[in-house]
Amino acid sequence: MVAKKFDEASNYISKTYNYTLNSKKISADSLDPVTFLTKLCEEYKNYVQIMKAPHLILDTTETKAISKAIKFFTKALALPIVTTSAYKNAANDAWSNLDQNEMQYLIQVFSPYHAIFSLSKHIFRHQKITNLVIIHDVTLGSHETFLEMFLNVNVRYVIDQIDLKMNIYEKLSNYSRTFSNFFVMGSSQNVKSILEIADSQLLFETKYAWYAFTLDDGIVNCSTCANAKIISVQPSGMHSIEYPIYDKDIPSNDFYSHLFIGSILSLRNSSYVSRWTKYDFINCETYDGNNTPFRENIDLKENLQRYMFNYKPFNMEVKLVHFTDGKIKDSVLIGQWISYEDNEVKLMNKNLWREFIGTEVLKIVVVEQKPFIFLDYSHPRGYNGYLVDMMEEIGQLLGFEFYLELASDNAIGDVDDDGLWNGLIGDILNLKADIGLASIPVSSIREKVIDFTIPYYEAVGSIMLMKLFRTEPSLNKFIDVIETEVWIYILAAYALTSLLIWIFDKYQPEKDPNERIFSLRESLWFCFLSLTPQGTGGLPRNLPGLIVTVSWWLFSFVILASYTANLSAILTVSLFNNQIENINDLEKEYRLKFAPLNGSYTMQYFSRLARIEEMFHHIWKNMTFDGDHNEKAKSKYSVWSYPVSNKYNDIWNSMQSAGFPKTMDEVLERIRRSTSSADGFVFLGDATDCRYLVLTNCDLQTVGEEFSTKPYAIAVPEGSPLKRRLDFAIMELIERGTLQQLKTKWWDRNPDRKLCETENRLDGIGLPNMGGVFGLMLFGIGLAIIVLDKARPHTSILTRQKLRDLGLEVLMHPPYRLDLAPSNTHLFNFAGGKFALTEACENRLSQFLANRDEGFYERGIMVLTSKFQQVIEQNGAYSI
């Protein structure tokens, strides 16, 4: 289209003014500026050899890189140019510092096309738009031209060149789910078609904001819109001159007609053309950066202002148009824009601008990590967790909607050797999302490419995770202190000592009647009591018995001391059986493997520390052995051994030999294969990950203190206006205590939390380990009840002592037997049953005795002799 308009303008000038041009057209076949500049230099060199240097260069390129190359070329070689480039003269631009002479022949003209782009930038900055869909046709430029609109602007956007033959209905439906602002840019007919399709999908609700941009004459229309409001942007006062080649079908093309005719007429009437051969010229090969030819009295700009009305400012009008039943109900002017380079929109009716703001819908990319955020199909947003609840609170405070998508690779992201980021960081950096939401540790390298809010979570580092080995309770722990074989020998010594004391006492030559009698039972009690602090009573009086007793005491002392020491040691060790307390302890356990997750932040932490140590080693070695230093300087750093530890290199080598697990499932599998706290696998990872695993698994534990701590924050694109708003919201939630409540909800009251049996090692020894002692005591009480005499002893201790004093022998007899005591025999055997009163029992006994004959008493007394003799013969045993 541009080339056609140039030919039409040349023909018009030739016929009307009898002025013929010699022209050369060069197309930018490549978007690579170096390739294009090489081609341009070659064409210029050939042109100069034939016809001298061109009097004027017309530049209508649309790409920024090519435009910058042309600007550099014309300034370096001092060639007159009129360019329609829309790109401002930035600090690094070749035209950033033009002098007064250069301004007369290096001329930049803004076209209505570029006015559309500049104005759209002003609008979405003023409206603080964070998401935008641009729907355009071919009449307003290429896709790359539209991309230039978003340079240095933090807006999540989609640029879509429409084709009404395609399924535009489905596209608008998809866009409406995640975007709330729509710029429709193109011919008035295409804009009308898009607006009518949007109305059919009910997309003119208050949630959405629609903007229509066109360079065509007339008012934007929407014949089917029942109730719709849009902001319309159109030029005003463009056509001050009408040439015969004016294109009535496409009025916007009239700009190029005016541009070319005005430029050619300016060239025709400029005085410098007649002096052109007197100027000095160079080519690209001879240009060295400092030999640009000097130009003065170039009157191109003066003449261009006379013939080219577009070089003067033109207006763009911004109107709020309200459609009702397919007709325009009202149209209110709410802004004007003049095509000066840096002019802002002149706002009118600011209240109407504020009302015309679509609901802010933010795209948030997430990285799954329980309990911060995880997939949950039952939740309305598809995800659940601490961060989802936090963002809902922030959305209510700031008045925006949001939707969640999984970040690339479901990872926070890292930078490669080429400086390219992947994962969530890459998505934010490439403006694929408005917010990055995950447990993202803030780091200086990340802050170079994106922005972080204030921390929403306290500093979190890395920690060690290993298998929890619980001490198995044992009721027989007090017995297990000594091996079974030793117990057998102790019992044998006990039995042998008791037997010897009894034998020595029984067969001693002389006995004192007042001495303690050591029967076998007494000997057993004597040896047993020797093991207790209660004392033993009287001692054996014979010398062999005393020797055996002293030997038993010494034996008992050693046994008791060893038993007490072993029991104390075992119980103490069972309370503190974990041998790993910090990262240094891992190096000492050669059977213990340890490693972080492959590609994790913890892995990077140790690899970097290892590289730093290695770098320090090389620095020291160079300082000590480098030939560039004199001997005196070397001696200052020379030591017998390496002065910096090799700690982290050793740790890194150990990790590499252990192998880095690739998934958390592999981590859990390797941990659970551990056989003891000194033989197995220890995971080094994010503290929140490890604590959540402990929260939901009863066989895991965290060990030691956190290291390399960093706070968690929300990620936003660099320079994003969302940062300040999110900072405010997070501060508000902190002051309200909302974040602490969420922490309680997702940690202390987490639905996946398992109620594990706790083992508090500071509360002392529990009943499961000491229950056997209580069992032993209950066994003794039960045995005592079994052997308890059920009758009152016939002779008291005092009676037995008196019998010894009189020298009488006490015969052995059972402690209780009915037929050896006639009174008891008849008392318990006479018929009568139970008696309620003592008097009734006495009456019945009197009656029983009165009814007996004299032979009854004689027989009862005489039979006792034979029964007593039987007892004596059986050594006190019961007779049968």
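Axes are lines fitted to C-alpha atoms, for helices over the stretch in contact, and angles run from 0 to 180 degrees between N-to-C directions. Helices (H or I, at least four residues) and strands (E, at least two) are DSSP runs, numbered from the N terminus. The model is predicted: local features need pLDDT of at least 70, side-chain atom pairs count only at pLDDT 80 or more, and totals for chains, interfaces and linings use all residues. Residues are numbered from 1 along each chain as its sequence is written, and side-chain values use heavy atoms, with hydrogens and water left out.

**Exercise 1.** Describe how helix 16 and helix 17 are placed relative to each other.

*Solution.*
- Step 1: Two packed helices are described by the angle between their axes and the distance between the axes.
- Step 2: For helix 16 (residues 484-506) and helix 17 (residues 520-529), the axes come within 8 Å and cross at roughly 130 degrees.
- Step 3: Angles under 35 degrees count as roughly parallel, over 145 as roughly antiparallel, 65 to 115 as roughly perpendicular and the rest as oblique. Helix 16 and helix 17 are therefore oblique to each other.
- Step 4: Contact means heavy atoms within 4.5 Å. Residues of helix 16, including Tyr 494, Leu 499 and Trp 502, meet residues of helix 17, among them Leu 520, Phe 526 and Phe 528.
- Step 5: The contact of helix 16 with helix 17 has 9 nonpolar, 3 polar and no charged residues. Here Ala, Val, Leu, Ile, Met, Phe, Trp, Tyr, Cys and Pro count as nonpolar, Asp, Glu, Lys and Arg as charged, and the others, Gly among them, as polar.

**Exercise 2.** Classify the packing of helix 12 and helix 26.

*Solution.*
- Step 1: The axes of helix 12 (residues 386-398) and helix 26 (residues 738-748) come within 10 Å, with a crossing at roughly 150 degrees.
- Step 2: Helix 12 is therefore roughly antiparallel to helix 26.
- Step 3: Asp 389 and Glu 393 are among the residues of helix 12 that meet helix 26, where the partners include Lys 743 and Lys 745.
- Step 4: By class, this contact between helix 12 and helix 26 has 5 nonpolar, 1 polar and 4 charged residues.

**Exercise 3.** Is Ser 439 buried or exposed, and which residues is Ser 439 in contact with?

*Solution.*
- Step 1: Ser 439 lies in strand 16 (residues 435-441).
- Step 2: Buried means under 20% relative accessible area, exposed over 50%, partly exposed in between (1.4 Å probe, protein chains only). Ser 439 counts as buried because its relative accessibility is 5%.
- Step 3: Neighbours within four places in sequence aside, Ser 439 is in contact with Gln 369, Phe 372, Leu 387, Ile 412, Tyr 456 and Tyr 712.
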